[in-house]
Amino acid sequence: MKERYFVFDTSLCIGCLGCIAACINENRLQGHQPWRRVFKLPPHDGDHDTLTISLSCNHCQEPACVTACPANALMKRPQDGIVVHEPDLCLGCRYCQMACPYDAIVWLEDKEMVGKCHMCWHRLERGEDPACVATCFSKALQMITKEELDSRSDLVRETTGFQHHPDVKPRIRFIKKENPKDHGRDQNG
Amino acid sequence: MEMGDIKYTTCPYNCWPINCGQQVERLADGHIAIRGNPHHDFSRGRLCVKGQSSYEIALSKNRLKVPLQRNRKSGTLKEISWPDALDQMAEKITCNIDNGRREATALYHSHGNIVQRINWKILTPRFANMAGITLWDGNFPCWYDVGVAQQLTGYWGLHDPAENCAKTRALINWAQDPCASQANMAPYVLDIRERGGQVITIDPRVTQTAAISTKHIRPRLGTDVWLANSVAHILIREGFYDSDYMAQYTYGFPDYKKHIDTFTPARAAEVCQISLAEIESLAETFVQEKPLCINLTRGALGKHLNGIQMVRAVLCLIPLSGNVGIQGGGAVWGETVEWNLELCALKEKPPAPYPVNNFTAIDEALEKGSVNTLLVVGGNPLSQWPNLPRLRRQLQKLDLVAVYDLFMNHTAKEAADIILPATCWLEELGLRTSNRRIYLMDKIIDPPGQCREASAWMNDLAQRLGIDDYFPWTSKEECLDQCLQSDACSQATVAKLRKLPQGIEANIPPVPYADHTFDSPSRKFEFFSSRAREWGLSPLPTFEPPLEGRIDTPELAQEFPLQLISSRRNTHFHSFHNSHREIETLRALEPEPLLYMHPKDALARGIQDGDYGIMFNQRGRARIKIEITTEVPVAHVSLNDCWPQLNEVTAAYAPCPPQVTADLGIGGQPAYQNVLVEIRKEGR
């Protein structure tokens, strides 16, 4: 399997939340414990329109959660770099939550353990996109391979609402926009 | 259903213009796996946040599963048998009939019943007509005044939204936010943009659709007649119309032309509080971009006092700009596929002074006591009808309120004497039309507990009323096959539909009005409507100031200075499933009502993001959390229409006269958008 990256285009996201529900539906999660979240940005400062950004685990190349886990319940799959969680090994110590700079690990209070996005590897192995990507109406959320990443010049590591942490090397990129806040449209008011 | 079998149905939400396709699989552990139907012509395997979460409806532990009866003195609920519940209902209906007041029993069926199209269009009206009771339809709060405008002009034919988006040069979302109300429109909207076409959104708010549009025009709320008529003014002044077409295929154009002369762009810019350049640019789009299509999918404009005239004003731009009868032109809205409506048994309905399905008539009937019994089928008046303090008082006076629903909704909880457990969309065989196609909604699982489908208990109730031929069919399949015997549906049978997850195309013209014969008395497009004048409405699309408006009612605005906008987000469909709180995924995403407020208004009131406030006016009040955002204009606030808090302050005023509804069968939508409120921070 190839190494993959999430790609997100803030100018296309319509904030419909379909990606969250698709993840919950596909992975049979409880509705209040989603692995993916959608944030409204910036915090309504009066000068800019609201942007939305959809984030989950970024399947870092050097994942802090894996390093922090004392039970080897988190691991990076050698074949594709996907960071997966093995519930049977999880101690519920939550060290991974403290280590993750993106707050991507979810606490499952009913099971007293954590949970996280596994990039729908079962779908990837069938040749399908992850559920969140497949459902995205506006194609704001995409997935590309490492080879495709290397051939593209329109991608950047950071955007409003997302800081690149070079120490963990998150596998997410953003479409470069001159000014994503104006959505490329005329506006009054 | 066998484990591992895949069956097909449609999504149980009534989004317009499309109901997306679903494929359903029952897994060995009892879970119901729902995915998008890849064969569906429009949704193509995609489901939105609601459709993805819909399995929770069927599996919810909070479903109503047994009939309940309330002790009025103590307020407590106890289990009752179906026969006992139906006996009580039959006794009350019979008593009204024996007293010569058959109209005093009213059946209100709404979107929960619309999920199953045959229940909505045929089997429920059939029961009400054969029993001889009042029938009110949940379309009146939703979109009915848009329908009046359609009928007054004679333009209500159906364009295929996908085809239209594929062929249009410009799509105007006029007071429509499809990315919130029908997210499956988003790929089609974006495709127009990617092809170099224009996507224009006209809305005072920065909506989700506005955010991906090429142009966003933000007129002052309720001034759409001025905007549309000023565009018409420019097209006429500059001669950008076909005078031969106007003479041959339209009615009243000379009167319209004279009328439009007064709607100057300069004055319109003042009224709408936008720039003259924006109006001129919009007019230029109508001239330069052909075909051009206007998305008027449903309700928003109809929720204004001036709503009928707004929609008429916008519709007039279609023939004026030469966009009739061409693919990619015209207007996009919901389905107009009809079933075999002879089965509604309207001719069998005994004569009586039934209050018509118009909110003015409904409010009067409840206020004067001419209705004493209310049967609510898949509806939630104590969330979705206006002026809830007034309605609460009216419902308390009734002799009997019975509610049939999936969940303990606001009306069941607060006002019902009898509560009946309903089936969901996977638990009965049904049909759906979506866009231009007919789909089977297969029965996939058995209903839990004592949940029964509407036509089954209506049949039992009909028999108690001495009606033996309400359900004369030997099976639901036979019933549906007969419902399909209409001009539009004649190609379809249940057996055929079961083999075709892509549905069957209805027999309706691919492009409406290609022959330029319209659905009006004159068979022409009616710029001037004689019928409107007879009903006391303006015969031409005219601006009428709202009863409550920041500028138009300045004295009231001094006390209540914020204009309240009723809005829509992806997480809800009206108040379905107890304002989506029974669906854990949706509840987690929007756990409580949010009032959207501009930073300047928040600053003036000492309110910070996340504070709770009290929204109030002369009718009522509600506690509500506040989100500060520039998505709403200054001096406006906005609240999603799923929450009953909205209707604590709305007015029970419907501008469309009941006589229009009596004659046309539609009209009477409350003016939900004409509301002034004030907000104060909680604790002050």
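**Salt bridges and cysteines in the predicted model**

With a relative accessibility of 32%, Arg169(B) falls in the partly exposed class. Glu289(B) sits in the loop between helix 15 (276-288) and strand 12 (292-295) of chain B, while Arg169(B) belongs to the loop between helix 8 (161-167) and strand 8 (170-174) of chain B, so the contact ties together parts of the chain that lie 120 residues apart in sequence. This pair is one of 50 salt bridges counted over all chains. In general terms, oppositely charged side chains can pair when their charged atoms come close.

Two further bridges in chain B are worth a look. Asp203(B) and Arg205(B) meet through their side chains, N to O, at 3.7 Å. Both partners are buried: the relative accessible area is 6% for Asp203(B), and the relative accessibility is 10% for Arg205(B).

The other bridge joins the side chains of Arg220(B) and Asp552(B), at an N to O distance of 3.6 Å. Here distant parts of the chain are linked, the two residues being 332 residues apart. Arg220(B) is found in the loop between strand 10 (215-217) and helix 11 (224-237) of chain B, and Asp552(B) in the loop between helix 24 (530-534) and helix 25 (554-559) of chain B. Arg220(B) is buried at 11% relative accessible area, whereas Asp552(B), at 28% relative accessibility, is partly exposed. Shared partners also build a network of salt bridges, which brings together Glu26(A), Arg123(A), Arg126(A), Glu128(A) and Arg35(B).

Turning to the cysteines, the structure contains zero disulfides over all chains. Cys65(A) takes part in none, and the nearest cysteine sulfur, belonging to Cys57(A), is 6.1 Å away. Cys65(A) is itself buried, with 8% relative accessible area. For Cys96(A), the closest cysteine sulfur is that of Cys93(A), and the separation of 6.2 Å is too far for a bond. Cys96(A) likewise counts as buried, at 7% relative accessibility.

Note on methods: Residues numbered from 1 in each chain as written. Chains lettered and ligands numbered in written order. Predicted model: local features only at pLDDT ≥ 70, side-chain atom pairs only at ≥ 80, totals over all residues. Heavy atoms only, no water. Salt bridge = Lys/Arg side-chain N within 4 Å of Asp/Glu carboxyl O. Helix = DSSP H or I, 4+ residues; strand = E, 2+ residues; numbered from the N terminus. Buried < 20%, exposed > 50% of the residue type's maximum accessible area, 1.4 Å probe, protein only. Disulfide = S-S within 2.5 Å.
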